[in-house]
Amino acid sequence: MSDATDIFGAVAMGYVIVESNRLDDWRRFLKQGLGLHETAADGNALAFRIDAHARRFMVRRGNAEDVTVSGWQVRDEATLDIIRRRLADRNIEIEASSAEDAAFRGVKSFIRVKGPKGMAIELFTRAVTTDEPLNMLPSGFVTGPSGMGHFAITSKQPEKLLRFWQEIFDARLSDRISQEMSGITLDITFLRLNERHHSIAVAATRGLRLDPIRTRIQHMNLLVETLEDLSGTFERLTDLGYGMAHEIGQHPNDREVSFYVLTPSGFELELGWNALRVEEAGWKQGYYNAISVWGHKPEKNTPLDKFLLNLGNFRRGIRSLFATEYSPL
Ligand SMILES: [Fe+2]
């Protein structure tokens, strides 16, 4: 197979690792709030299932308070070889996995590169699976060929970030949204790797490039099976005292109904339902001028909250002008 082979559809999000010192809070958030199936928990790490994979969502002790690792399942070894060649052609250094690291992720083995914004991108072909019945509060999560979810990432060099996913993984452009907020225009580009409308969304400020978000990801998304899963999880998280960054609303492009909750590490987690699956034949790239059709209102809306939030974002935005953003390309 040559490098010209189109590997679209052969890659899907497989797992995430969050680094945090707030393990007790993360455990409460994931187990009692989101209601995932806990498979391991000790003073240094947590692991959860959402489907037949032995591990999908891990938290390990560390200072980042961020998603530091994302794992991507590749269809087969031949496809992984194509990816390896593409990385090597671009002088992107590839690291092999240790048995211990693979076991922590619930995969047989993986390779790792340092991806955009310094997030480790790990690639594997075979996951450890289990037929032990799931013990979760929601009835189920949408995974399989769609992968486990998506990331939204803010970037000062969105062209490079998009190129990374397009050149290495043959990601396709699903659509774009532009929205003006407090005088700044935000352009968001949605890339798909498979039938999921997007696995990666990249947001950038138009004109002067700012990145006011502390973490590598602005949010990550998981998709539940039913509307009752969505509403029940919203109620549980609210009852447990977790703040909503945005209450329930709907996006115009993938038609997903979702809410955004603040995780113990400070980035947002979007829980969604009923996102459309892209039919490749006849797909038309849309262009929208609002992120939401309805809803997604911030929970805290007092003038003081707005002022503090804007002040924090403004300070970080100004600092980000002088910071360099890592790109493997
Ligand atoms: Fe999202």
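Biologist: What makes H150 count as buried?

Modeller: H150 has a relative accessible area of 2%. Buried means under 20% relative accessible area, exposed means over 50%, and partly exposed is in between (1.4 Å probe, protein chains only). With 2%, H150 is therefore buried. H219 is buried too, with a relative accessible area of 7%. Before we go on: this is a predicted model, where local features need pLDDT of at least 70, side-chain atom pairs count only at pLDDT 80 or more, and totals for chains, interfaces and linings use all residues. Residues are numbered from 1 along each chain as its sequence is written, and side-chain values use heavy atoms, leaving out hydrogens and water.

Biologist: Which residues are the protein donors of the iron ion, and how do you know?

Modeller: They are H150 (NE2), H219 (NE2) and E270 (OE), at 2.0 to 2.2 Å from the iron ion. Donors are N, O and S atoms within 2.8 Å of the metal (3.2 Å for Na, K and Ca); water is not among the atoms, so sites may look incomplete. The distances of 2.0 to 2.2 Å are within 2.8 Å, so these atoms qualify as donors.

Biologist: Why do you say that H150 and H219 tie parts together?

Modeller: H150 lies in strand β9 (residues 150-154) and H219 in strand β13 (residues 219-224), so the pair ties together parts that are 69 residues apart in sequence. Strands (E, at least two residues) and helices (H or I, at least four) are DSSP runs, numbered from the N terminus.

Biologist: Which residues of helix α1 are buried, and where do they lie around its axis?

Modeller: In α1 (residues 23-33), L23, W26, F29, L30 and G33 are buried. Seen down the axis of α1, they fall within an arc of 155 degrees, so they line one face of the helix. The arc is that of the directions from the helix axis to the C-beta atoms.

Biologist: What makes a nonpolar core?

Modeller: A nonpolar core is a set of buried Ala, Val, Leu, Ile, Met, Phe, Trp, Tyr and Cys residues joined through side-chain atoms within 4.5 Å. The largest one has 62 residues, and those touching the most other members are F57, W72, L123, F151, W165 and F169. Helix α4 (residues 158-169) gives the most to this core, with six residues.
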